[in-house]
Amino acid sequence: MIRRFRLLPLLVVVLLASCRSTAPSPQERERLAEQQRLLSLCTRNQERLPLLLDRFQAAQQQRAEIESATYTPSPGPKPLDPEEQRRLTIYDQQAEQDVYEQAVETWRRQEAERRERWEREQASQEASAAEALNRAATALRQVHPELLLAGPGAAPRLNEPEVERFRSCQPERFR
C-alpha cells in the first residue's frame with residue numbers, strides 16, 4: 001500500500017505534463033499572424049514591386065546626378081600677347097589694353113548673369129528631383145514602410161534585406 005502512494009506524485013506529474021496545452025502563446029499567435037500578413041502583402045504586391053523599385057532607384061540616381069553637377073564658367077577673353085605688345089607703339093598698347101579690359105568686364109558681367117541663371121535652373125531641377133524621389137518613396141512606403149530607411153533630414157534609401165525578402169516572397173523568409 002505504501003508503494004502505491006509513492007507512485008501517485010509521479011502519476012500526477014505525468015498527467016499534468018500530458019495535459020499541458022500545446023496551443024501557441026498569445027505572443028506566438030501574434031508573431032504568426034504578422035508573418036502571414038507580411039507574406040500576403042508580399043504576394044499581393046509582387047507584380048508591381050519591381051516597377052516601384054525601378055522608379056525609386058531612377059529618381060534616386062537622377063537626384064544624385066543633379067546634386068553632383070557643377071558650374072563650368074565660359075572661357076574668358078584671351079590675354080594680350082606680350083610679344084605683340086612690345087612691337088606696338090605706347091599709344092597702341094594702351095588702346096589694346098583698354099579694349100582688353102572692356103572685354104574682360106563684359107565677360108565678367110555676362111558670366112555673372114549666366115551663373116545666376118544656372119543656379120536658378122539647378123535649384124529648380126533639384127527641387128523637381130527631390131519631389132520625384134519623395135513620390136517614389138511614398139509609393140514604396142504604401143506597399144510596406146520597412147522597404148525604406150530614412151534618417152532625420154536624410155534622403156530615403158532602400159532597406160536591402162527587406163527588399164530582397166519582398167522580391168522573393170518565399171514563405172520561409174517571413175519566419
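Modeller: Start with Q85: apart from neighbours within four places in sequence, Q85 is in contact with L80, Q93 and E96. Keep in mind that this is a predicted model. Q85 has its place in helix 4, residues 82-87.

Biologist: What makes Q85 count as buried?

Modeller: Buried means under 20% relative accessible area. Q85 has 13% relative accessibility, so Q85 counts as buried.

Biologist: And why is E126 called partly exposed?

Modeller: The middle class runs between the 20% limit for buried and the 50% limit for exposed. E126 has a relative accessible area of 31%, so E126 is partly exposed. E126 lies in helix 5, and leaving out neighbours within four places in sequence, E126 is in contact with I66 and E67.

Biologist: Which separation do you get between the C-alpha atoms of E126 and R63?

Modeller: Those C-alpha atoms are separated by 6.6 Å, although E126 and R63 are 63 residues apart along the chain.

Biologist: How many helices and strands does the chain have, and in what order do they run?

Modeller: The chain has six helices and two strands. From the N terminus, the order is α-α-α-α-α-β-β-α.

Biologist: What share of the chain's residues is buried?

Modeller: Buried residues make up 21% of the 175 residues.

Biologist: Which residues touch the most other members of the largest nonpolar core?

Modeller: That core has 21 residues, and F56, L140, L147, L158 and F166 touch the most other members. Helix 2 (26-45), helix 3 (49-68), helix 5 (90-143) and helix 6 (160-168) each supply at least two residues of this core. Helix 5 gives the largest share, seven residues. In soluble globular proteins, nonpolar side chains tend to be buried together.

Biologist: Which residues of helix 6 are buried?

Modeller: They are E162, V163, R165 and F166.

Biologist: How do you know on which side of helix 6 they sit?

Modeller: They cover an arc of only 160° around the axis, so they are on the same side of helix 6. The buried residues of helix 6 pack against helix 2, helix 3 and strand 2 (157-158).

Biologist: Now the charged pairs. What makes R37 and E34 a salt bridge?

Modeller: The cut-off is a side-chain nitrogen of Lys or Arg within 4 Å of a carboxyl oxygen of Asp or Glu. The closest N and O atoms of R37 and E34 are 2.8 Å apart, and the two form a salt bridge. Both residues lie in helix 2, three residues apart, about one turn of the helix. In general, an α-helix has 3.6 residues a turn, so residues three or four places apart point the same way.

Biologist: Buried or partly exposed: which class does R37 get, and which does E34?

Modeller: R37 has 43% relative accessibility, so R37 counts as partly exposed. E34, at 34%, counts as partly exposed as well.

Biologist: What about R114 and E111?

Modeller: Their side chains meet in a salt bridge, 3.2 Å from N to O. They are three residues apart in helix 5, so about one helical turn separates them. R114 is at 33% relative accessibility and so counts as partly exposed. E111 is at 9%, so E111 counts as buried.

Biologist: How many salt bridges does the structure hold?

Modeller: The structure holds nine salt bridges. One of them joins R167 with E164, the closest N and O atoms being 2.8 Å apart.

Conventions:
Residues numbered from 1 in each chain as written. Predicted model: local features only at pLDDT ≥ 70, side-chain atom pairs only at ≥ 80, totals over all residues. Heavy atoms only, no water. Helix = DSSP H or I, 4+ residues; strand = E, 2+ residues; numbered from the N terminus. Buried < 20%, exposed > 50% of the residue type's maximum accessible area, 1.4 Å probe, protein only. Core = buried A, V, L, I, M, F, W, Y, C linked by side-chain atoms within 4.5 Å. Arc of directions from axis to C-beta. Contact = heavy atoms within 4.5 Å.
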